[in-house]
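Here is a short tour to read alongside your viewer.

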Amino acid sequence: MKWDKIAQSEEFKHLVKIKARFMTIAIIFSTVYYFALPLSVGYLKPFMIQKVSGSINIAYWFALSQFFVAWIIAGVYARVANRSFDPIADKIRRENAGGLER
Amino acid sequence: MNFLGIGMFIVIVAITLMITYWASHHNKTTTEFYAAGRSISGIQNGFAIAGDYMSAASFLGIAGLIALNGYDGFMYSVGWLVAYIVVLILVAEPMRNSGRYTMADVLAYRLSPIPVRTAAAASTLVISTFYMLAQMVGAGTLIKMLLGIPYEGSIIFIGIMMILYVTFGGMLGTTWVQIIKAGLLMFGAIFLTFWVLGKFHFNLVSFFDAITGKLGQSFLEPGKLYKNPIELVSLGMALVLGTAGMPHILMRFYTVPTAKAARTSVLWAMGLIGSFYIMTTFLGFGAAYFVGGDAIKAVDKGGNMAAPLLAQTLGGGKGSLGGEFLLAFISAVAFATILAVVAGLTLAASSAFAHDFYVNVLKKGKADEVTQVRVAKRTGVVVGVIAIALGILAKGQNVAYLVALAFAVASSANIPVILFAIFWKRFNTGGAVAGIIVGLVSSVGLMMIGPQVMGKAALFPLGNPGIVSIPLGFLAAYFGTIFTTEKTVHSDKFDELYVRANTGLGAE
(Lines give C-alpha, C1' and ligand atoms only; values in the text may rest on other atoms or scores of the structure.)
Protein backbone atom coordinates (compact mmCIF):
# COMPACT_ATOMS: atom_id res chain seq x y z
CA MET A 1 0.00 0.00 0.00
CA LYS A 2 1.32 3.37 -1.01
CA TRP A 3 0.58 6.68 0.69
CA ASP A 4 -0.15 8.41 -2.61
CA LYS A 5 -2.77 5.80 -3.43
CA ILE A 6 -4.61 6.57 -0.20
CA ALA A 7 -4.19 10.29 -0.83
CA GLN A 8 -5.85 9.87 -4.24
CA SER A 9 -8.73 7.74 -2.95
CA GLU A 10 -12.25 9.17 -3.04
CA GLU A 11 -12.72 8.48 0.66
CA PHE A 12 -9.66 10.43 1.70
CA LYS A 13 -10.43 13.30 -0.64
CA HIS A 14 -13.93 13.48 0.80
CA LEU A 15 -12.52 13.53 4.35
CA VAL A 16 -10.11 16.40 3.72
CA LYS A 17 -12.76 18.29 1.78
CA ILE A 18 -15.35 18.27 4.58
CA LYS A 19 -12.62 18.97 7.14
CA ALA A 20 -11.28 21.92 5.17
CA ARG A 21 -14.76 23.36 4.78
CA PHE A 22 -15.51 23.16 8.49
CA MET A 23 -12.07 24.40 9.56
CA THR A 24 -12.18 27.39 7.22
CA ILE A 25 -15.56 28.52 8.50
CA ALA A 26 -14.64 27.96 12.16
CA ILE A 27 -11.28 29.73 11.90
CA ILE A 28 -12.67 32.70 9.97
CA PHE A 29 -15.57 33.10 12.37
CA SER A 30 -13.45 32.91 15.50
CA THR A 31 -10.80 35.25 14.04
CA VAL A 32 -13.40 37.88 13.17
CA TYR A 33 -15.17 37.55 16.50
CA TYR A 34 -11.94 37.72 18.48
CA PHE A 35 -10.33 40.67 16.71
CA ALA A 36 -13.62 42.57 16.83
CA LEU A 37 -12.91 42.97 20.55
CA PRO A 38 -9.62 44.92 20.48
CA LEU A 39 -10.77 46.85 17.40
CA SER A 40 -14.10 47.88 18.90
CA VAL A 41 -12.74 48.79 22.34
CA GLY A 42 -10.03 50.76 20.54
CA TYR A 43 -12.01 52.55 17.85
CA LEU A 44 -15.62 52.49 19.09
CA LYS A 45 -15.02 53.28 22.73
CA PRO A 46 -17.99 55.67 23.19
CA PHE A 47 -20.34 52.90 22.05
CA MET A 48 -18.60 50.17 24.01
CA ILE A 49 -18.70 51.99 27.35
CA GLN A 50 -22.47 52.36 27.35
CA LYS A 51 -23.90 50.74 30.45
CA VAL A 52 -26.35 47.92 29.91
CA SER A 53 -26.87 46.31 33.31
CA GLY A 54 -26.09 48.40 36.36
CA SER A 55 -22.55 49.64 35.86
CA ILE A 56 -21.62 46.78 33.52
CA ASN A 57 -20.95 48.07 30.02
CA ILE A 58 -21.04 46.53 26.54
CA ALA A 59 -17.25 46.19 26.50
CA TYR A 60 -17.36 43.92 29.55
CA TRP A 61 -20.13 41.70 28.24
CA PHE A 62 -18.39 41.48 24.86
CA ALA A 63 -15.12 40.39 26.49
CA LEU A 64 -16.94 37.86 28.66
CA SER A 65 -18.84 36.53 25.63
CA GLN A 66 -15.49 35.64 24.02
CA PHE A 67 -15.07 32.81 26.50
CA PHE A 68 -18.48 31.35 25.78
CA VAL A 69 -18.09 31.72 22.01
CA ALA A 70 -14.72 29.93 22.17
CA TRP A 71 -16.29 27.12 24.18
CA ILE A 72 -19.19 26.81 21.75
CA ILE A 73 -16.89 26.67 18.71
CA ALA A 74 -14.78 24.02 20.43
CA GLY A 75 -17.89 22.02 21.31
CA VAL A 76 -19.23 22.20 17.77
CA TYR A 77 -15.85 21.15 16.38
CA ALA A 78 -15.67 18.15 18.71
CA ARG A 79 -19.18 17.10 17.78
CA VAL A 80 -18.57 17.36 14.04
CA ALA A 81 -15.19 15.64 14.33
CA ASN A 82 -16.60 12.78 16.41
CA ARG A 83 -19.58 12.23 14.13
CA SER A 84 -18.32 13.06 10.65
CA PHE A 85 -14.51 12.98 10.53
CA ASP A 86 -13.63 10.10 12.82
CA PRO A 87 -15.72 7.38 11.13
CA ILE A 88 -14.07 8.08 7.75
CA ALA A 89 -10.57 8.28 9.23
CA ASP A 90 -11.19 5.06 11.19
CA LYS A 91 -12.34 3.31 8.03
CA ILE A 92 -9.25 4.40 6.07
CA ARG A 93 -7.06 3.28 8.95
CA ARG A 94 -8.74 -0.13 9.14
CA GLU A 95 -8.58 -0.74 5.40
CA ASN A 96 -4.89 0.06 5.25
CA ALA A 97 -3.76 -1.36 8.56
CA GLY A 98 -1.64 -4.11 6.97
CA GLY A 99 1.22 -3.71 4.54
CA LEU A 100 2.29 -0.18 5.39
CA GLU A 101 5.85 0.75 4.58
CA ARG A 102 7.29 2.56 7.54
CA MET B 1 10.10 34.22 58.00
CA ASN B 2 6.66 32.84 57.47
CA PHE B 3 6.45 29.41 59.09
CA LEU B 4 2.93 28.61 57.98
CA GLY B 5 3.92 29.37 54.39
CA ILE B 6 7.12 27.35 54.62
CA GLY B 7 5.14 24.41 56.01
CA MET B 8 2.80 24.42 53.04
CA PHE B 9 5.68 24.76 50.59
CA ILE B 10 7.29 21.71 52.20
CA VAL B 11 4.07 19.72 51.80
CA ILE B 12 3.97 20.54 48.08
CA VAL B 13 7.63 19.71 47.60
CA ALA B 14 7.15 16.38 49.44
CA ILE B 15 4.14 15.34 47.37
CA THR B 16 5.80 16.22 44.07
CA LEU B 17 8.99 14.38 45.04
CA MET B 18 6.97 11.25 45.87
CA ILE B 19 5.39 11.44 42.42
CA THR B 20 8.83 11.87 40.89
CA TYR B 21 10.13 8.83 42.77
CA TRP B 22 7.19 6.73 41.56
CA ALA B 23 7.58 7.95 37.97
CA SER B 24 11.33 7.28 37.98
CA HIS B 25 10.59 3.56 37.64
CA HIS B 26 8.92 4.17 34.29
CA ASN B 27 11.64 6.06 32.47
CA LYS B 28 13.76 3.65 30.46
CA THR B 29 12.84 4.35 26.83
CA THR B 30 12.70 7.62 24.95
CA THR B 31 8.94 7.29 24.51
CA GLU B 32 8.59 6.95 28.26
CA PHE B 33 10.92 9.84 28.96
CA TYR B 34 9.54 12.34 26.42
CA ALA B 35 5.94 11.17 26.10
CA ALA B 36 5.08 9.23 29.28
CA GLY B 37 4.79 6.09 27.14
CA ARG B 38 1.71 7.72 25.48
CA SER B 39 -0.21 6.47 28.50
CA ILE B 40 -1.91 9.70 29.58
CA SER B 41 -5.69 9.85 29.11
CA GLY B 42 -7.47 12.75 27.42
CA ILE B 43 -8.86 14.14 30.68
CA GLN B 44 -5.54 13.79 32.49
CA ASN B 45 -3.79 15.53 29.62
CA GLY B 46 -6.41 18.30 29.69
CA PHE B 47 -5.51 18.99 33.33
CA ALA B 48 -1.81 18.72 32.51
CA ILE B 49 -2.11 21.21 29.62
CA ALA B 50 -3.90 23.60 31.95
CA GLY B 51 -1.15 23.04 34.53
CA ASP B 52 1.56 23.50 31.92
CA TYR B 53 -0.01 26.66 30.53
CA MET B 54 -1.34 28.67 33.46
CA SER B 55 1.86 30.26 34.66
CA ALA B 56 2.49 32.48 37.63
CA ALA B 57 2.21 35.33 35.12
CA SER B 58 -1.34 34.36 34.34
CA PHE B 59 -2.42 33.74 37.94
CA LEU B 60 -0.63 36.47 39.84
CA GLY B 61 0.12 38.74 36.89
CA ILE B 62 -3.39 38.96 35.43
CA ALA B 63 -5.05 39.35 38.81
CA GLY B 64 -2.60 42.17 39.50
CA LEU B 65 -3.07 43.77 36.09
CA ILE B 66 -6.84 43.83 36.60
CA ALA B 67 -6.55 45.01 40.20
CA LEU B 68 -4.47 47.99 39.10
CA ASN B 69 -5.80 48.74 35.61
CA GLY B 70 -9.31 47.34 35.55
CA TYR B 71 -10.75 46.36 32.21
CA ASP B 72 -7.58 46.27 30.11
CA GLY B 73 -6.13 43.44 32.17
CA PHE B 74 -8.96 41.32 30.83
CA MET B 75 -7.46 41.44 27.31
CA TYR B 76 -4.71 38.95 28.06
CA SER B 77 -7.15 36.45 29.54
CA VAL B 78 -9.37 36.48 26.47
CA GLY B 79 -6.46 35.93 24.08
CA TRP B 80 -5.07 33.10 26.17
CA LEU B 81 -8.28 31.11 25.88
CA VAL B 82 -9.24 31.91 22.27
CA ALA B 83 -5.74 30.67 21.35
CA TYR B 84 -6.91 27.13 22.03
CA ILE B 85 -9.30 27.27 19.09
CA VAL B 86 -6.22 27.35 16.85
CA VAL B 87 -4.62 24.57 18.87
CA LEU B 88 -7.76 22.44 18.73
CA ILE B 89 -8.74 22.88 15.10
CA LEU B 90 -5.43 23.24 13.29
CA VAL B 91 -2.56 21.83 15.31
CA ALA B 92 -3.27 19.25 18.04
CA GLU B 93 -4.54 16.29 16.02
CA PRO B 94 -2.18 16.52 13.02
CA MET B 95 0.74 16.85 15.45
CA ARG B 96 -0.33 13.83 17.42
CA ASN B 97 -0.94 11.79 14.30
CA SER B 98 2.34 12.46 12.59
CA GLY B 99 4.97 13.33 15.19
CA ARG B 100 6.88 11.44 17.86
CA TYR B 101 8.17 13.93 20.44
CA THR B 102 8.70 17.36 18.91
CA MET B 103 7.38 19.74 16.30
CA ALA B 104 10.50 19.08 14.22
CA ASP B 105 9.45 15.42 13.85
CA VAL B 106 6.50 16.58 11.77
CA LEU B 107 8.65 18.87 9.62
CA ALA B 108 11.33 16.21 9.13
CA TYR B 109 8.84 13.84 7.53
CA ARG B 110 8.71 15.72 4.30
CA LEU B 111 11.63 18.16 4.44
CA SER B 112 15.39 17.66 4.68
CA PRO B 113 15.79 16.58 8.29
CA ILE B 114 19.11 18.19 9.18
CA PRO B 115 18.41 21.85 8.30
CA VAL B 116 14.80 21.85 9.55
CA ARG B 117 15.62 20.09 12.80
CA THR B 118 18.48 22.49 13.47
CA ALA B 119 16.29 25.53 12.79
CA ALA B 120 13.34 24.17 14.79
CA ALA B 121 15.61 23.24 17.72
CA ALA B 122 17.02 26.77 17.70
CA SER B 123 13.61 28.44 17.84
CA THR B 124 12.42 26.02 20.53
CA LEU B 125 15.47 26.75 22.66
CA VAL B 126 15.03 30.51 22.25
CA ILE B 127 11.33 30.37 23.20
CA SER B 128 11.94 28.08 26.18
CA THR B 129 14.83 30.21 27.43
CA PHE B 130 12.88 33.49 27.29
CA TYR B 131 9.79 31.99 28.84
CA MET B 132 11.73 30.14 31.50
CA LEU B 133 13.74 33.25 32.42
CA ALA B 134 10.49 35.17 32.96
CA GLN B 135 9.21 32.37 35.19
CA MET B 136 12.46 32.12 37.16
CA VAL B 137 12.74 35.84 37.89
CA GLY B 138 9.07 35.93 38.86
CA ALA B 139 9.55 32.93 41.09
CA GLY B 140 12.59 34.35 42.84
CA THR B 141 10.82 37.62 43.58
CA LEU B 142 7.67 35.85 44.68
CA ILE B 143 9.32 33.42 47.08
CA LYS B 144 11.37 36.23 48.54
CA MET B 145 8.20 38.23 49.16
CA LEU B 146 6.23 35.30 50.53
CA LEU B 147 8.79 33.47 52.63
CA GLY B 148 11.65 35.87 53.11
CA ILE B 149 14.13 33.45 51.50
CA PRO B 150 16.75 35.47 49.55
CA TYR B 151 16.27 35.76 45.78
CA GLU B 152 19.36 33.73 44.83
CA GLY B 153 18.43 30.93 47.21
CA SER B 154 14.92 30.75 45.76
CA ILE B 155 16.24 30.53 42.19
CA ILE B 156 18.71 27.78 43.05
CA PHE B 157 16.00 25.86 44.91
CA ILE B 158 13.53 26.05 42.01
CA GLY B 159 16.26 25.09 39.56
CA ILE B 160 17.14 22.00 41.59
CA MET B 161 13.49 21.02 41.87
CA MET B 162 12.95 21.23 38.13
CA ILE B 163 16.08 19.22 37.44
CA LEU B 164 14.84 16.51 39.83
CA TYR B 165 11.35 16.41 38.30
CA VAL B 166 12.63 16.17 34.76
CA THR B 167 15.64 13.89 35.09
CA PHE B 168 14.02 11.39 37.46
CA GLY B 169 10.33 11.82 36.73
CA GLY B 170 10.54 12.45 32.99
CA MET B 171 7.29 13.27 31.23
CA LEU B 172 5.25 11.01 33.50
CA GLY B 173 6.39 12.75 36.68
CA THR B 174 6.11 16.19 35.08
CA THR B 175 2.58 15.40 33.89
CA TRP B 176 1.39 14.48 37.37
CA VAL B 177 3.05 17.52 38.91
CA GLN B 178 1.11 19.58 36.36
CA ILE B 179 -2.17 17.76 37.01
CA ILE B 180 -1.93 18.31 40.77
CA LYS B 181 -0.96 21.92 40.25
CA ALA B 182 -3.95 22.48 37.95
CA GLY B 183 -6.24 20.94 40.58
CA LEU B 184 -4.77 23.13 43.35
CA LEU B 185 -4.95 26.25 41.22
CA MET B 186 -8.57 25.64 40.25
CA PHE B 187 -9.47 24.93 43.87
CA GLY B 188 -7.76 28.11 45.06
CA ALA B 189 -9.44 30.22 42.36
CA ILE B 190 -12.91 28.75 42.92
CA PHE B 191 -12.57 29.18 46.67
CA LEU B 192 -11.57 32.85 46.45
CA THR B 193 -14.12 33.61 43.73
CA PHE B 194 -16.97 32.20 45.81
CA TRP B 195 -15.80 34.17 48.78
CA VAL B 196 -15.58 37.41 46.81
CA LEU B 197 -18.87 37.02 44.96
CA GLY B 198 -20.58 35.68 48.09
CA LYS B 199 -20.06 39.09 49.67
CA PHE B 200 -22.33 40.44 46.93
CA HIS B 201 -24.89 37.61 47.16
CA PHE B 202 -23.56 36.24 43.85
CA ASN B 203 -25.06 39.15 42.00
CA LEU B 204 -22.69 40.27 39.25
CA VAL B 205 -24.41 43.62 38.86
CA SER B 206 -24.12 44.57 42.52
CA PHE B 207 -20.49 43.36 42.48
CA PHE B 208 -19.59 45.70 39.65
CA ASP B 209 -21.79 48.50 41.02
CA ALA B 210 -19.83 48.32 44.27
CA ILE B 211 -16.52 48.42 42.39
CA THR B 212 -17.44 51.35 40.17
CA GLY B 213 -18.97 53.06 43.18
CA LYS B 214 -15.61 52.89 44.92
CA LEU B 215 -13.18 53.22 42.01
CA GLY B 216 -15.19 55.11 39.39
CA GLN B 217 -16.91 53.93 36.23
CA SER B 218 -13.69 54.34 34.21
CA PHE B 219 -12.26 51.32 36.04
CA LEU B 220 -14.58 49.15 33.96
CA GLU B 221 -13.74 50.95 30.74
CA PRO B 222 -10.94 50.17 28.27
CA GLY B 223 -7.96 52.44 27.73
CA LYS B 224 -6.25 52.60 31.14
CA LEU B 225 -3.35 50.41 30.06
CA TYR B 226 -3.44 50.29 26.26
CA LYS B 227 -3.82 53.59 24.46
CA ASN B 228 -3.13 52.25 20.99
CA PRO B 229 -5.64 49.79 19.49
CA ILE B 230 -2.99 48.47 17.07
CA GLU B 231 -0.95 47.42 20.10
CA LEU B 232 -3.91 45.39 21.35
CA VAL B 233 -4.41 43.72 17.97
CA SER B 234 -0.70 42.92 17.77
CA LEU B 235 -0.74 41.44 21.27
CA GLY B 236 -3.84 39.44 20.39
CA MET B 237 -2.20 37.99 17.27
CA ALA B 238 0.84 36.84 19.22
CA LEU B 239 -1.24 35.31 22.02
CA VAL B 240 -3.71 33.54 19.72
CA LEU B 241 -1.14 32.11 17.32
CA GLY B 242 1.75 31.81 19.76
CA THR B 243 0.06 29.30 22.04
CA ALA B 244 -0.14 26.79 19.20
CA GLY B 245 3.60 27.24 18.64
CA MET B 246 4.71 26.90 22.26
CA PRO B 247 6.97 23.84 22.44
CA HIS B 248 5.92 22.81 25.95
CA ILE B 249 2.26 22.81 24.89
CA LEU B 250 2.87 20.97 21.58
CA MET B 251 4.84 18.33 23.43
CA ARG B 252 1.86 17.47 25.60
CA PHE B 253 -0.04 16.08 22.61
CA TYR B 254 2.48 13.27 22.23
CA THR B 255 1.64 11.91 25.67
CA VAL B 256 -1.84 10.69 24.69
CA PRO B 257 -2.49 7.50 22.71
CA THR B 258 -4.63 8.89 19.86
CA ALA B 259 -5.68 12.05 18.05
CA LYS B 260 -9.12 11.67 19.57
CA ALA B 261 -7.57 11.77 23.04
CA ALA B 262 -5.62 14.86 21.96
CA ARG B 263 -8.93 16.47 20.99
CA THR B 264 -10.52 15.52 24.32
CA SER B 265 -7.55 16.94 26.16
CA VAL B 266 -7.86 20.33 24.43
CA LEU B 267 -11.57 20.46 25.29
CA TRP B 268 -10.84 19.79 28.96
CA ALA B 269 -7.97 22.26 28.92
CA MET B 270 -10.24 24.94 27.40
CA GLY B 271 -12.88 24.34 30.06
CA LEU B 272 -10.33 24.64 32.85
CA ILE B 273 -8.32 27.52 31.40
CA GLY B 274 -11.40 29.53 30.39
CA SER B 275 -13.15 29.23 33.73
CA PHE B 276 -9.88 29.99 35.48
CA TYR B 277 -9.38 33.21 33.54
CA ILE B 278 -12.96 34.31 34.13
CA MET B 279 -12.41 33.74 37.85
CA THR B 280 -9.11 35.66 37.71
CA THR B 281 -11.07 38.74 36.72
CA PHE B 282 -13.20 38.44 39.85
CA LEU B 283 -10.04 38.04 41.92
CA GLY B 284 -8.50 41.10 40.25
CA PHE B 285 -11.58 43.29 40.65
CA GLY B 286 -12.08 41.84 44.14
CA ALA B 287 -8.53 42.73 45.11
CA ALA B 288 -9.05 46.27 43.80
CA TYR B 289 -12.18 46.56 45.95
CA PHE B 290 -11.17 44.80 49.17
CA VAL B 291 -7.42 45.45 49.27
CA GLY B 292 -7.12 48.61 47.18
CA GLY B 293 -4.61 49.57 44.52
CA ASP B 294 -2.32 51.53 46.86
CA ALA B 295 -2.00 48.68 49.34
CA ILE B 296 -1.22 46.25 46.49
CA LYS B 297 1.38 48.57 44.98
CA ALA B 298 2.93 49.10 48.40
CA VAL B 299 3.90 45.40 48.46
CA ASP B 300 4.78 45.00 44.77
CA LYS B 301 4.72 47.75 42.15
CA GLY B 302 3.73 45.35 39.39
CA GLY B 303 0.65 44.21 41.32
CA ASN B 304 1.75 40.57 41.43
CA MET B 305 0.68 40.23 45.05
CA ALA B 306 -2.96 41.16 44.40
CA ALA B 307 -4.35 37.61 44.65
CA PRO B 308 -2.36 36.56 47.75
CA LEU B 309 -3.24 39.86 49.47
CA LEU B 310 -6.89 39.37 48.60
CA ALA B 311 -6.77 35.97 50.31
CA GLN B 312 -5.14 37.52 53.36
CA THR B 313 -7.71 40.30 53.56
CA LEU B 314 -10.69 37.99 53.13
CA GLY B 315 -9.32 35.63 55.78
CA GLY B 316 -9.33 38.40 58.38
CA GLY B 317 -6.36 40.56 57.47
CA LYS B 318 -2.69 40.66 58.34
CA GLY B 319 -1.82 38.97 61.60
CA SER B 320 -5.09 37.07 61.94
CA LEU B 321 -4.93 33.30 61.84
CA GLY B 322 -7.39 33.00 58.94
CA GLY B 323 -5.62 35.71 56.97
CA GLU B 324 -2.17 34.21 57.40
CA PHE B 325 -3.45 30.72 56.62
CA LEU B 326 -5.12 31.79 53.38
CA LEU B 327 -2.09 33.85 52.36
CA ALA B 328 0.12 30.83 52.91
CA PHE B 329 -2.24 28.58 50.98
CA ILE B 330 -2.52 30.86 47.94
CA SER B 331 1.23 31.42 48.00
CA ALA B 332 1.81 27.67 48.02
CA VAL B 333 -0.53 27.32 45.04
CA ALA B 334 1.47 29.99 43.22
CA PHE B 335 4.66 28.13 44.06
CA ALA B 336 3.28 24.84 42.69
CA THR B 337 2.24 26.78 39.59
CA ILE B 338 5.79 27.93 38.93
CA LEU B 339 7.28 24.48 39.51
CA ALA B 340 4.91 22.80 37.06
CA VAL B 341 5.53 25.34 34.30
CA VAL B 342 9.33 25.35 34.56
CA ALA B 343 9.37 21.54 34.55
CA GLY B 344 7.35 21.48 31.32
CA LEU B 345 9.69 24.05 29.76
CA THR B 346 12.79 22.13 30.81
CA LEU B 347 11.44 19.00 29.19
CA ALA B 348 10.62 20.86 25.97
CA ALA B 349 14.08 22.40 25.83
CA SER B 350 15.71 19.01 26.52
CA SER B 351 13.76 17.32 23.75
CA ALA B 352 14.71 20.06 21.27
CA PHE B 353 18.38 19.71 22.05
CA ALA B 354 18.71 15.97 22.76
CA HIS B 355 16.16 14.52 20.33
CA ASP B 356 16.30 17.02 17.47
CA PHE B 357 19.82 18.33 17.57
CA TYR B 358 22.02 15.73 19.24
CA VAL B 359 20.43 12.47 18.09
CA ASN B 360 19.04 13.44 14.69
CA VAL B 361 21.51 16.09 13.52
CA LEU B 362 24.85 15.30 15.16
CA LYS B 363 24.39 11.51 15.30
CA LYS B 364 22.18 11.36 12.18
CA GLY B 365 19.62 9.25 14.07
CA LYS B 366 22.15 6.58 14.97
CA ALA B 367 21.94 6.35 18.74
CA ASP B 368 20.48 3.55 20.83
CA GLU B 369 17.66 4.06 23.34
CA VAL B 370 19.95 4.01 26.38
CA THR B 371 22.19 6.72 24.94
CA GLN B 372 19.21 8.83 23.87
CA VAL B 373 17.64 8.77 27.32
CA ARG B 374 21.00 9.46 28.95
CA VAL B 375 21.64 12.46 26.71
CA ALA B 376 18.10 13.75 27.29
CA LYS B 377 18.53 13.58 31.08
CA ARG B 378 21.92 15.26 30.95
CA THR B 379 20.46 17.99 28.79
CA GLY B 380 17.76 18.46 31.42
CA VAL B 381 20.48 19.06 34.03
CA VAL B 382 22.32 21.51 31.77
CA VAL B 383 19.08 23.39 31.00
CA GLY B 384 18.37 23.63 34.73
CA VAL B 385 21.85 24.94 35.52
CA ILE B 386 21.60 27.53 32.72
CA ALA B 387 18.17 28.60 33.99
CA ILE B 388 19.62 29.09 37.50
CA ALA B 389 22.55 31.11 36.16
CA LEU B 390 20.39 33.33 33.94
CA GLY B 391 17.83 33.75 36.71
CA ILE B 392 20.51 35.03 39.11
CA LEU B 393 22.05 37.30 36.45
CA ALA B 394 18.64 38.81 35.68
CA LYS B 395 18.00 39.78 39.31
CA GLY B 396 16.15 43.07 39.55
CA GLN B 397 15.64 43.31 35.79
CA ASN B 398 12.21 43.95 34.40
CA VAL B 399 11.51 40.72 32.53
CA ALA B 400 7.77 41.06 32.00
CA TYR B 401 8.39 41.60 28.29
CA LEU B 402 9.99 38.16 28.00
CA VAL B 403 6.59 36.46 28.18
CA ALA B 404 5.31 38.60 25.33
CA LEU B 405 8.54 37.92 23.47
CA ALA B 406 8.21 34.14 23.84
CA PHE B 407 4.71 34.31 22.38
CA ALA B 408 5.91 36.59 19.58
CA VAL B 409 8.69 34.16 18.60
CA ALA B 410 6.40 31.13 18.81
CA SER B 411 3.79 32.77 16.60
CA SER B 412 6.24 34.25 14.07
CA ALA B 413 8.83 31.46 13.74
CA ASN B 414 6.95 28.23 14.48
CA ILE B 415 3.37 28.74 13.35
CA PRO B 416 3.94 29.61 9.67
CA VAL B 417 6.18 26.57 9.28
CA ILE B 418 3.87 24.17 11.16
CA LEU B 419 0.82 25.25 9.16
CA PHE B 420 2.57 25.17 5.78
CA ALA B 421 4.09 21.76 6.52
CA ILE B 422 0.68 20.28 7.29
CA PHE B 423 -1.44 22.05 4.69
CA TRP B 424 0.72 23.18 1.72
CA LYS B 425 1.98 20.61 -0.75
CA ARG B 426 4.59 22.81 -2.47
CA PHE B 427 6.27 23.79 0.85
CA ASN B 428 9.97 22.86 1.04
CA THR B 429 13.08 22.97 3.18
CA GLY B 430 14.16 26.40 1.95
CA GLY B 431 10.78 27.81 3.00
CA ALA B 432 10.92 26.15 6.43
CA VAL B 433 14.40 27.39 7.24
CA ALA B 434 13.66 30.90 5.90
CA GLY B 435 10.36 31.06 7.83
CA ILE B 436 11.92 30.05 11.14
CA ILE B 437 14.95 32.31 10.81
CA VAL B 438 13.05 35.40 9.64
CA GLY B 439 10.26 34.88 12.20
CA LEU B 440 12.80 34.44 14.98
CA VAL B 441 15.07 37.33 14.04
CA SER B 442 12.26 39.79 13.28
CA SER B 443 10.31 39.13 16.48
CA VAL B 444 13.38 39.30 18.71
CA GLY B 445 14.83 42.26 16.78
CA LEU B 446 11.63 44.34 16.81
CA MET B 447 11.17 43.62 20.50
CA MET B 448 14.71 44.79 21.24
CA ILE B 449 14.20 48.12 19.44
CA GLY B 450 10.66 48.53 20.80
CA PRO B 451 9.38 50.48 23.80
CA GLN B 452 9.38 47.51 26.21
CA VAL B 453 13.16 47.35 26.01
CA MET B 454 14.31 50.82 24.87
CA GLY B 455 11.61 52.87 26.59
CA LYS B 456 10.98 56.30 25.13
CA ALA B 457 13.94 56.10 22.72
CA ALA B 458 12.34 53.16 20.90
CA LEU B 459 12.86 52.89 17.14
CA PHE B 460 9.83 50.63 16.66
CA PRO B 461 6.55 51.98 18.02
CA LEU B 462 4.90 48.78 19.29
CA GLY B 463 5.74 46.82 22.43
CA ASN B 464 4.28 43.71 20.81
CA PRO B 465 5.84 43.04 17.39
CA GLY B 466 3.41 40.28 16.30
CA ILE B 467 1.47 42.35 13.79
CA VAL B 468 4.69 42.82 11.78
CA SER B 469 6.76 39.73 12.62
CA ILE B 470 3.99 37.15 12.08
CA PRO B 471 3.28 38.24 8.48
CA LEU B 472 7.07 38.38 7.93
CA GLY B 473 7.38 34.78 9.10
CA PHE B 474 4.64 33.68 6.70
CA LEU B 475 6.10 35.68 3.80
CA ALA B 476 9.58 34.30 4.37
CA ALA B 477 8.25 30.73 4.46
CA TYR B 478 6.31 31.43 1.25
CA PHE B 479 9.08 33.13 -0.72
CA GLY B 480 11.71 30.74 0.65
CA THR B 481 9.66 27.98 -0.94
CA ILE B 482 9.00 29.77 -4.21
CA PHE B 483 12.63 30.76 -4.79
CA THR B 484 14.25 27.43 -3.99
CA THR B 485 13.97 24.09 -5.70
CA GLU B 486 14.55 20.83 -3.99
CA LYS B 487 15.60 17.69 -5.78
CA THR B 488 16.22 15.28 -2.98
CA VAL B 489 12.77 15.32 -1.41
CA HIS B 490 9.94 13.66 -3.28
CA SER B 491 6.54 15.26 -3.44
CA ASP B 492 4.87 11.99 -2.40
CA LYS B 493 6.33 12.63 1.04
CA PHE B 494 3.63 15.25 1.37
CA ASP B 495 1.01 12.62 0.59
CA GLU B 496 2.42 10.52 3.39
CA LEU B 497 2.33 13.35 5.91
CA TYR B 498 -1.09 14.47 4.73
CA VAL B 499 -2.59 10.99 5.06
CA ARG B 500 -0.93 10.43 8.41
CA ALA B 501 -2.00 13.81 9.81
CA ASN B 502 -5.61 13.40 8.74
CA THR B 503 -6.23 9.75 9.50
CA GLY B 504 -3.69 8.75 12.15
CA LEU B 505 -2.61 5.89 9.91
CA GLY B 506 0.73 4.54 11.07
CA ALA B 507 0.73 6.82 14.14
CA GLU B 508 3.07 5.75 16.88
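## Where the chains meet

Keep in mind that this is a predicted model. Let's start with the interface: 47 residues of chain A are in contact with 40 residues of chain B.

Which helix gives the most to the side of chain B that touches chain A? That is H5(B), with nine residues. Helices of chain B that each supply at least two residues to this side are H5 (74-98), H9 (204-215), H10 (229-242), H12 (259-290) and H21 (492-503). Sorted by class, the side of chain B that touches chain A has 24 nonpolar, nine polar and seven charged residues.

## A helix pair in chain B

Next, take a look at helix H14 (residues 306-314) and helix H15 (residues 321-362) of chain B, whose axes come within 7 Å and cross at roughly 155 degrees. Because angles over 145 degrees count as roughly antiparallel, H14(B) is roughly antiparallel to H15(B). The crossing of H14(B) past H15(B) is right-handed.

On the H14(B) side, the contact is made by residues including Ala307(B), Pro308(B) and Ala311(B). H15(B) contributes Gly323(B), Leu326(B) and Phe329(B), among others. By class, this contact of H14(B) with H15(B) has eight nonpolar and four polar residues, with no charged residues.

## An enclosed helix

Finally, is helix H6 (residues 103-110) of chain B largely enclosed or largely open? Eight of its eight residues are buried, so H6(B) is largely enclosed by the rest of the structure. Among the buried residues of H6(B) are Met103(B), Val106(B) and Leu107(B), along with Asp105(B) and Arg110(B).

Terms used
Residues numbered from 1 in each chain as written. Chains lettered and ligands numbered in written order. Predicted model: local features only at pLDDT ≥ 70, side-chain atom pairs only at ≥ 80, totals over all residues. Contact = placed C-beta atoms within 7 Å. Helix = DSSP H or I, 4+ residues; strand = E, 2+ residues; numbered from the N terminus. Nonpolar A, V, L, I, M, F, W, Y, C, P; charged D, E, K, R; others polar. Axes fitted to C-alpha atoms, helices over the stretch in contact; angles between N-to-C directions. Parallel < 35°, antiparallel > 145°, perpendicular 65-115°, else oblique. Left-handed = near helix turned anticlockwise from the far one by under 90°. Buried ≥ 20, exposed ≤ 12 C-beta atoms within 10 Å, placed from the backbone.
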